[in-house]
Amino acid sequence: MNSTMKALMLVAAIVLAPMTAAQADNDVGCGVGTMLMEGKTGLPYKLLASWTNGMTMQSISITFGLINCSNGGTVTASARARHFASTSLDNIARDTAMGGGESLDALAALMGVQDADRAAFAQLAQNHFDALFPSDEVTSDEMLQTLDRLISEDARFAASTPLALAS
Amino acid sequence: MLVRILGPALSLLLSLATVAPLPSFAGETDESRPPTELAAPLSEHPVWRALLHQSRRRIDANTRRALEETDFFFHEDGARKPNRELVAALAAFEAADPPAAQAARCRFPARFAFLKEQGRTRAERGPCPELDAWREIIGDVELTLVFPEAFLGNPASMFGHTLLRFDPKAQDGEAQNELLGWTLDYTADAGGQIGAIYMLRGLVGGYRGQFSIAPYYAKTKFYGDWQDRDIWEYPLDIPNEALERILLHVWELREVTLPYYFFTQNCSEKLLEVLEVGGVTLGRGGGFPPMVAPVDTVRALEQFGPDALGTPRLRPSPATQLQEALRRVPRSERLLTERLANGSSAPDDQALVSLDADTRARILTLAYDLLRHRTLAKQVPEDHARTRSRKLLRARSQVDAPRPEPVQIEVLPRHPPTDGHGTARVELAGGVQDRDAFIELRIMPAYHTVLDAPAGFAEGGEIRFLDTQLRYFPELNRVRLHEFTLLDVTTASPWRPPFRPLAWHTEIGIRTRMLSSRRDRGLDTEGVFRAQAGIGGALTPARGLHIFALGELIVEAADGLEEKFSVGPLLRAGLSYSTPKGRYTLRTQAIAGLLTGPRTAPWLEIEVDQRVTLTPQWSATLGGRFEHAYDVGHLEGRLGLTRYF
């Protein structure tokens, strides 16, 4: 092997080494590449990953076709709530424990809770943390069903839209 | 009400009129003229040209060629002849076969809406079930430009990123939740390999890019929670008609994939192509065409109007919030937080229980956040962390304490990306190299060095791309390529508790080495191909001061070297200091290494540079360097004037 070849191979090894070491995801371009997160490969691991019900953020086309729970191109309210809960379960758990937050507010909005009832909603969730997150294996759908039941049993949320979760 | 609608429409028309003298669109219904001729003036309308990606003939050529393959044009020559396309589009929209005409109108609603607005067709669009359902989901929206900051963990993300967010409009005073907005993103589908390969392949157009829409919470999760990137959000105030046209055009592009080039045909460029449909005067935000960096999209949007781009808001990542929150608590609380996070204390520990409710709530939350960060960074196995995480949250839920206000990050010395210097530059310099005077022209299309004003760029980050320095030596009457850097990336994010990021550097290019002469006078200059890379760490002991040290390996190859190439280890350490407003920067670095060959020679280099900002576009630099390598030493001094674009 001549010295030029040797040099080139060394170059490749040296230049690429730190890049691959620092590489954390399938990013390309000036930002995120298509976020293909089948399973757990390649990405910084998510806490409570098994809580996400096997549903991960996928690249969603312009037509939302890849939201798993979409129905013929339209996205129903309960489908949006389920998608949100499965994507953001860890943030929702944190907000629930703290008694409120941006993610819990978003969930309340998707569940049809009136703006005026958001504080009561956060309070309800915090008081029932144990019921909503009975173990670290709970799925987002189980959590949502519990939450839905709590809301329907509470007179304060009579005006809220029932989610009609299909499971 | 009428005024509210007419106002923006009028201002849009006025802004159109200022770009170029527009042909008159009135009185074009003279039906005695042949159709092509008839269409000519309207087909030169900037909106029509933008809808066909014809605004910048050369730059958009790539897009048009790709669009041609996807039945994007009605006319076979539509990619080149806007007038023929206009005639063909009209014919399709008004086809004798109603279902076919309807399908055409639903497939290209933005084109149809434009022709309808211009009075060129009397047809009604009619119902388009898919489009209407889609439009209803997005709803009544406002526009926000989202800019996740540079992610130094990945070479492909170092320039930041831009995406658009469609925010549901606030109704009846109900607060809108940003997380529930929809984002429009243009990304390359890079399959499943490692990122350095992507970047290299992306440079030469090895990928196809595609627009996609996703809920904002998916993006904050990805950029904020997983990549620790802070996100800047710029509210955009653009006319409703423009926004509607943009949305309809996005729909037209829904199944299109386009060639993707990392520096030229990227997210920033494609977003501009889409936004151009709404604001035809956008142009570009800086840089040397055809290169576009994400911040150039932001700058281009300022051209929508004087107040189009609102004041940016910062959405700090959980890591930034954690760091800021930890900095503010007393040491005893930090220690307890650490013990709870690593599991050596449980939430029922007496040390915690004896504290007041607010403090307990704060520590439990911090401990959870710290544990979560470590788990995401894979420093803690997920199975260990999960049970402990739930226990911490459960304990927090039982503390009767109000939810703390989000940490105010505004107090940090943070600058939005639009505060940064221009991303491209030209520099004219003069100096002495060894004994020879020189005049230097330097051109660098991207992006940022440690010597530049730091505002708006990632701390400790440096990216030089295609940095080219040409030197003319008047006495010798010679022009030499002094240095050509293909790519030089340094990320030296400082260590700050609890984070200890790894600094790394990689560089590839051609540089000049001084070698002992075979002539009788002075030293010989030799162009040397070199590649260099290493890892290390960085600190910021005081505001504005940045210290780094890296252990590296270098390979050099040139005909003039004995054995044609050498390889060696080196230590590189340096510091930089910038005054609080970034007007002045001092940088110094030292290199000590070995260059192995038939004889191993030490390499020593010491460099001191300073820069002062003259105006936002202009800087002056003064630098000196001593270098000893391959058994010869020389000095260099250089004074330069830089213009940023």
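Helix 15 (residues 331–342) and helix 17 (residues 357–376) of chain B pack with their axes 8 Å apart, at an angle of about 50°. Axes here are lines fitted to C-alpha atoms, for helices over the stretch in contact, and angles run from 0 to 180 degrees between N-to-C directions. That makes helix 15 of chain B oblique to helix 17 of chain B, since angles under 35 degrees count as roughly parallel, over 145 as roughly antiparallel, 65 to 115 as roughly perpendicular and the rest as oblique.

This is a predicted model, in which local features need pLDDT of at least 70 and side-chain atom pairs count only at pLDDT 80 or more, while totals for chains, interfaces and linings use all residues. Residues are numbered from 1 along each chain as its sequence is written, with chains lettered from A and ligands numbered from 1 in the order in which they are written.

**More on helices 15 and 17 of chain B**

- Helix 15 of chain B brings Glu333(B), Leu336(B), Thr337(B), Leu340(B) and Ala341(B) to the contact, and helix 17 of chain B brings Thr359(B), Ile363(B), Leu366(B), Ala367(B), Leu370(B) and Leu371(B); being in contact means C-beta atoms, placed from the backbone, within 7 Å.
- The residues of this contact comprise eight nonpolar, two polar and one charged, where Ala, Val, Leu, Ile, Met, Phe, Trp, Tyr, Cys and Pro count as nonpolar, Asp, Glu, Lys and Arg as charged, and the others, Gly among them, as polar.

**The chains as a whole**

- Chain A has seven helices and zero strands, whereas chain B has 18 helices and 20 strands; these are DSSP runs numbered from the N terminus (helices H or I, at least four residues; strands E, at least two).
- Buried residues make up 46% of the 167 residues in chain A and 45% of the 645 residues in chain B.
- A residue is buried if 20 or more other C-beta atoms lie within 10 Å of its own, exposed if 12 or fewer, and partly exposed in between.

**Nonpolar cores**

- The largest nonpolar core has 144 residues, and Leu107(A) and Ala367(B) have the most contacts inside it; such a core is a set of buried Ala, Val, Leu, Ile, Met, Phe, Trp, Tyr and Cys residues joined through C-beta atoms within 7 Å.
- Helix 17 of chain B gives the most to this core, with nine residues.
- A second, separate core has twelve residues, including Ile554(B) and Tyr630(B).

**Helices 3 and 4 of chain A**

- Helix 3 (residues 89–98) of chain A and helix 4 of chain A cross at roughly 105°, and their axes come within 7 Å.
- That makes these two helices of chain A roughly perpendicular.
- Asn91(A), Ile92(A), Asp95(A) and Thr96(A) in helix 3 meet Ser103(A), Leu104(A) and Leu107(A) in helix 4.
- Ser103(A) lies in helix 4 (residues 102–110) of chain A and counts as buried because it has 25 C-beta neighbours inside 10 Å.
- Leaving aside neighbours within four places in sequence, Ser103(A) contacts residues including Ser88(A) and Leu179(B).

**Helix 7 of chain B**

- Among the buried residues of helix 7 (residues 109–117) of chain B are Arg111(B) and Phe112(B).
- Just after helix 7 of chain B, Gly119(B) takes a positive phi of about 75°.

Notes:
Contact = placed C-beta atoms within 7 Å.
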